[in-house]
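Please look over the model shown here before reading the numbered points that follow.

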Amino acid sequence: MIEFFSYSCIVIGIIFWFWGTLPLIGKRSVLFKLHSLSVADTLGSMSIVFGLLLKIPSEWPLLLLAIITLAIWNTVLGYVLAYCSSGGGEQ
Amino acid sequence: MDQIAYLDIILRLTIWFLLTSDFSLANIIIGVSIAFLLPRSYTSSGALQDWLRVLWEIIVAIPQAYVEALQIMVRPHNEEEIVRERVKPRRTPGLVFLDIFLITFTPKTIVLKYHEQGWYEVHRVRRRKKR
């Protein structure tokens, strides 16, 4: 049962990855691509690591730390990229 | 020491124990001394209730982020718009950081800029144009 949940989390994560990465080739704006990247990188990777957590619970401290840092760094880097993409601003 | 300082120490200890996953006496002593030795900022730190509320909102945001991801995937959100959101009153730099984190974490919204006059500039995807 846990095997099943673990593999479905990993598969969902991989689907998120591909769904978010393929639009990078398209012609949308940088910001639009950032939205799909936050699906792929943050949520997809978190789901994959969560699947691993179900599979090897003995390593929970490191995997939990991985999930937390993934969430923080991906989100903050997304913000930084969005900030940089938006030109000089009002100054 | 105010209450936020306790939160700060707890955060440091949590990261330390997750990283080392070792509860021997020596490791606890090292972790506690590092947590107290690391420098901390002495800027105004905001009210404890505000911090607890934001931390709770982050926990709630995780399932919400997955729901939004599924919504974007199932129905294409092709319209983009930039909206302004007002910053809640009494926000200190730490709380503003968590607010930006919270908005950017959900896939449909990204903070572009924080204006010190009290606005976030938020980029958002939508399904179709407003009429």
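**Note on the model**

1. T42(A) is found in helix 2 of chain A, where helices (H or I, at least four residues) are DSSP runs numbered from the N terminus. This is a predicted model, in which local features need pLDDT of at least 70, side-chain atom pairs count only at pLDDT 80 or more, and totals for chains, interfaces and linings use all residues. Residues are numbered from 1 along each chain as its sequence is written, while chains are lettered from A and ligands numbered from 1 in the order in which they are written.

2. T42(A) counts as buried because it has 26 C-beta neighbours inside 10 Å; the class requires 20 or more other C-beta atoms within 10 Å of the residue's own, with C-beta atoms placed from the backbone.

3. Leaving aside residues up to four places away in sequence, T42(A) touches L70(A), A71(A), N74(A) and T75(A), a contact being two C-beta atoms, placed from the backbone, within 7 Å. From T42(A) to I12(A) the separation is 30 residues in sequence and, C-alpha to C-alpha, 13 Å in space.

4. To the contact between the chains, chain A gives 22 residues and chain B gives 21 residues. On the side of chain A that touches chain B, helix 1 (2-21), helix 2 (30-55) and helix 3 (60-85) of chain A each supply at least two residues, and the largest share, ten residues, comes from helix 3 of chain A.

5. Chain B is divided into domain 1 (1-40) and domain 2 (46-131), with bounds that come from an automatic or database domain assignment. The C-alpha centres of these two domains of chain B lie 30 Å apart.

Definitions and conventions:
Buried ≥ 20, exposed ≤ 12 C-beta atoms within 10 Å, placed from the backbone.
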